[in-house]
Amino acid sequence: MVKTKKGNSVSGNNDRKGPKEPRWLGPVAPSRVALIPPISAARWLLVLVAAAGIYFFHGFLVPVLAALVIGFASWPLYRELLRRTGGNTTIGASLAIIFILTFLIVPIGIAISYTIGEVRQWIIWAAEVNRFGAPPPAWITGLPWVGEWLGIQWVQHVGSPGAVGELIQIVSGANIGNIYRAIVAAGDGAFHLVLTLLFMLIALFFVYRDGGSFSEQIDLLGERILPTRWERISRVVPRTISSTVTGQTLIAIGEGIVLGIAYWIAGVPSPVTLGVLTGLMALIPGGAPLSFTLISFYLVANGAYVAGGALFLWGTVELFIVDKTLRPRLVGGPIKLPFLPTFFGLVGGVSTMGFLGLFIGPVLMALLVSIWREWIREVKMADVTEVESADLAKGPATSPDLPPDLPVVRKVSSP
């Protein structure tokens with residue numbers, strides 16, 4: 001308040017009574033409405049962050065999925081290991097990684113040593129053929145329709161002295177660029193495989209160490225999204241992965257050992273290498289039958305009719321027993337997938353993600369089948385509820401043989 005000479009007071013807040021100055025920035029009205037609501041902005045921000053994460057880290061998808069598969073499959077054993085270590089997750093995860101490395105390195109090292117020895121024998125044989133020559137094998141000339149032509153080609157390009165060296169020079173000289181690119185691609189693939197294994201082991205360590213708390217967080221979010229269905233659907237993934245990995249691995253190892261022993265008894269050359277290849281092929285639908293069928297044809301073409309027929313018969317019986325008794329019990333998990341979804345899951349997984357798809361494909365199919373069965377279950381429950389509501393709307397039923405004042409006793413079937 002400012003006093004004048006006449007003693008009158010004049011308010012210093014002249015902007016309330018006088019004309020207002022024009023505002024160049026911001027709205028004039030005190031209430032402001034956001035162009036984008038905060039919830040929508042937060043949702044779009046989450047979408048952008050998720051898209052950026054997928055773009056920058058999609059290269060780590062395969063090792064992380066492989067770590068999750070191994071973690072789910074070995075989680076019961078890891079819990080026992082964790083109990084013996086006093087609940088220390090860091091020590092338990094470190095010991096689990098050491099055991100997995102031992103489990104992977106020792107068998108792979110043994111198989112590679114046997115394979116190198118057998119490949120060395122093939123190289124020595126090729127050097128002797130190049131030096132002295134060799135007639136065409138009997139199993140090649142004994143092939144129907146093409147045996148004679150293959151025998152002639154063998155004598156011209158392989159069987160004569162020095163023919164193998166000339167063939168290698170011709171192939172290497174004409175395709176030196178392709179060979180160089182193949183060697184570079186093989187080196188790049190080997191380096192990428194080593195990095196993938198390294199990242200997988202790192203991710204697997206944190207899966208073991210923090211898997212319990214992370215699963216609790218996932219359950220908390222899942223219960224918020226699917227309150228009544230999350231418990232049933234979420235348990236499908238670990239059980240299906242565990243049963244699929246364990247079942248497929250045990251079946252593949254068993255078929256490789258059994259058929260490898262059969263190859264050795266039948267007199268097949270390099271039975272260890274062929275047994276390992278058969279075990280790897282057993283992971284793919286139809287791989288094991290293709291392996292022992294081709295080897296049986298080789299024995300028959302080489303003149304060993306009894307050994308070839310016995311090997312084919314033994315492989316067929318063994319495959320029938322495995323597919324009818326062991327595979328349904330070990331593979332499929334709580335869903336017990338039918339044959340067609342299992343086949344599509346395995347083939348689609350292999351064609352999309354390679355070896356890892358053998359385990360990811362059946363899991364995705366198990367989720368789809370689980371969602372489908374959950375949907376059918378809700379539809380049936382809705383139909384039963386509608387029927388019960390209609391019966392209640394009609395009122396109590398009376399029997400025509402009884403007086404209307406007597407109640408009618410209904411037989412209620414147990415659910």
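This is a guided tour of one predicted model, stop by stop, for use with a viewer.

**Before starting**

Residue numbers count from 1 along each chain as its sequence is written. In this predicted model, local features need pLDDT of at least 70 and side-chain atom pairs count only at pLDDT 80 or more, while totals for chains, interfaces and linings use all residues; side-chain values use heavy atoms, with hydrogens and water left out.

**Whole protein**

Show the cartoon: the protein has 14 helices and two strands. Helices (H or I, at least four residues) and strands (E, at least two) are DSSP runs numbered from the N terminus. Of the 415 residues, 25% count as buried; buried means under 20% relative accessible area, exposed over 50%, and partly exposed in between, with a 1.4 Å probe and protein chains only. Among contacts (heavy atoms within 4.5 Å) between residues at least 6 apart in sequence, 64% join residues at least 24 apart.

**Stop 1: aromatic rings**

Select W125 and W154. Their rings form a tilted aromatic pair, with 6.2 Å from centre to centre and 45 degrees between the planes. Rings of Phe, Tyr and Trp (its six-membered ring) pair if their centres lie within 6.5 Å; planes under 30 degrees apart count as stacked, over 60 as edge-to-face and the rest as tilted. W125 is in helix α3 (residues 89-132) and W154 in helix α5 (residues 147-159), so the pair ties together parts that are 29 residues apart in sequence. W125 is partly exposed at 46% relative accessible area, whereas W154 is buried at 14%. The model holds nine aromatic pairs by this rule. Next, select F57, F60 and F199, which form one aromatic cluster.

**Stop 2: S74**

Move to S74 in helix α2 (residues 61-84). S74 is buried, at 16% relative accessibility. A polar atom of the S74 side chain lies 2.7 Å from the backbone oxygen of I70.

**Stop 3: the second largest pocket**

Select L68, F72, S215, V237 and P238, the closest to the centre of the second largest pocket among the 31 residues that line it. The volume of this pocket is about 1,100 Å³. On a 1 Å grid over the protein atoms alone, a pocket is an open set of points where a 1.4 Å probe fits, with protein on both sides within 12 Å along at least five of seven lines; lining residues have an atom within 4 Å of a point. Grid points are joined across faces, edges and corners, and the volume is the space filled by probe spheres set on them. Elements giving two or more residues to the lining are α2, α7, α8 (230-234), α9 (236-266) and α14 (357-394). The largest share, nine residues, comes from α7.

**Stop 4**

Select D210 in helix α7 (residues 176-225). D210 is partly exposed, at 29% relative accessible area. Its C-alpha is 7.7 Å from that of T89, 121 residues away along the chain. Then select G247 in helix α9, which is buried at 0%. From G247 to R329 is 8.2 Å, C-alpha to C-alpha, across 82 residues of sequence.

**Stop 5: T278**

Finish at T278 in helix α10 (residues 271-281). T278 is buried, with 1% relative accessible area. Apart from neighbours within four places in sequence, T278 is in contact with L259, Y263 and S291.

Key:
A polar contact is a pair of N or O atoms within 3.5 Å; within protein, one must be able to donate a hydrogen and the other to accept it, and residues adjacent in sequence count only if both atoms are side-chain atoms.
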